[in-house]
Amino acid sequence: MPITIIVGAQWGDEGKGRVTDLLAAEADIVARYSGGDNAGHTVTVGSEIFKLHLVPSGIVQPGTVGVMGAGMVINPKKLLAEIDGLAERGLDVSPDRLKLSAAAHLILPSHLALDGASEEALGAGAIGTTRRGIGPAYTDRAARAGVRGGDMLADDFAQRVYQAVEAKNRVLVEIYGREPLDAEGIADEYEGYARRLRPYVADVSREVHQVLRAGGRVLAEGAQGTLLDVSHGTYPFVTSSSPIAGGVLTGLGVGPKEVDRVIGVTKAFQTRVGEGPMPTELTGSVGQALRGTGANLWDEYGTTTGRPRRCGWLDLVLLRYAVRINGLTDLVITKLDVLTGLDPLRVCVAYRYQGQEWDDLPFGPNALAESEPVYAELAGWTKDITGAREEADLPPAARGYLDLIEERAGVPIFFASVGPEREQAVHLAP
Ligand code: IMP
């Protein structure tokens, strides 16, 4: 059995957990392949709400093994807190069920300090990162100066941590004028984490291959989204990893022939958290209506940072881009119900850039800041759709909205969610 990839088709926060939740029940392995605790996945099981940042959210399904791949950066303190939190609530998170790649990199307090210091130094040009140390940890990976999961098995692990922190102390003091961190204290602290995490360290690529060769199913659970990809996103306002489908291959250590389905998840509108261009952003009352008040868990406020998200009309030019970059085979549309009562609805179908109209991105996402959206206007609907379960339950305007997405994206919609509960979804005919 091959790999199914679930990937964010926008700037993250698309509700990928909805699809993971649906497909994890049939998976043998659920894998995170990129990012770190900048991600926030909320999973609801009955009355229980799990907020996960590192552990694959599919772990809440009994019968799955969760793996964290080589493409990830792991804050061990956060990982242990998640493991403990899940264990307290009765979930089996023993090393039999959870594996950490020896090649994943570890986030150190020096990465957190550098993330904050560089954001502050950038001032108005800041990226708006989650300040979880993600960028500095990937920088160290590329510079071949990082500390990895497998290093926790080495006798001199504490020494490696000490040296890594000391190296960054020089940058913190000399470049950013900060106080140095207590490298010795951090090395001791990390030795304690390593003692607990050692049993989880594994060759994740081999684990995945064994399951695939035995006919099992692997679900690769994306974090962030296509437009935050370090190469194909809205650089420099991106994360430092590769959340796109291609990132699964390097992030887990598998070949392209193992993948047979790539599901792209998009909201029925557009959101973004942090800085960077967003052509369809709405700052007035419609944007506010899309965002919600924050009273509900599913309103548009960050799971990790609590920041209000920027909201706007769905951007079909960017969605088509996500189809191309990831080779999407199908789509999941989330939060269709949020559009109820908005009339007319608009969707971006092209851009005006340097006096010309483009229905594809002129120069990748680089020209986005100077691109103006060209909208198609559609009739809205007022009927409450939160109880809809079949296509026929949807008002014609809602069906028309989904039809337009399918037509422009060029791939079929698998299902559309119409509320936060697991069963609040309309499955569409293939
Ligand atoms: P970093 O990943 O913390 O370095 O942040 C870089 C950019 O990615 C910022 O704009 C963040 O807001 C954004 N970002 C990172 N993780 C997520 C996520 O899980 N959801 C949405 N945006 C994210």
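Helix H1 (residues 16-24) is mostly covered, with eight of its nine residues buried; buried means under 20% relative accessible area, exposed over 50% and partly exposed in between, with a 1.4 Å probe and protein chains only. The buried residues of H1 are Lys16, Gly17, Arg18, Val19, Thr20, Asp21, Leu23 and Ala24. Helices (H or I, at least four residues) and strands (E, at least two) are DSSP runs, numbered from the N terminus.

The model is predicted: local features need pLDDT of at least 70, side-chain atom pairs count only at pLDDT 80 or more, and totals for chains, interfaces and linings use all residues. Residues are numbered from 1 along each chain as its sequence is written, and side-chain values use heavy atoms, with hydrogens and water left out.

Asp140 is placed in helix H4 (residues 134-142). Asp140 counts as buried because its relative accessibility is 5%. Its side chain makes a polar contact with the side chain of Lys168, at 2.9 Å. A polar contact is a pair of N or O atoms within 3.5 Å; within protein, one must be able to donate a hydrogen and the other to accept it, and residues adjacent in sequence count only if both atoms are side-chain atoms.

We turn now to the strands. Strands of a sheet pair through backbone hydrogen bonds, either parallel or antiparallel. Two strands count as paired if DSSP finds at least two bridges between them. Strand S1 (residues 3-8) and strand S10 (residues 218-221) run parallel and are joined by four bridges; Ile6 has Glu221 in S10 as its bridge partner.

The ligand remains to be described. Around it are 15 residues, of which Asn38, Thr130, Thr239, Val273 and Arg307 come nearest; a residue is near if one of its heavy atoms lies within 4 Å. This shell draws at least three residues from each of domain 1 (3-88 + 205-427) and domain 2 (105-199). A nitrogen atom of the ligand is 3.0 Å from an N or O atom in the side chain of Asp13, while an oxygen atom of the ligand is 2.9 Å from an N or O atom in the side chain of Asn38.

Note on methods
Domains from an automatic or database assignment.
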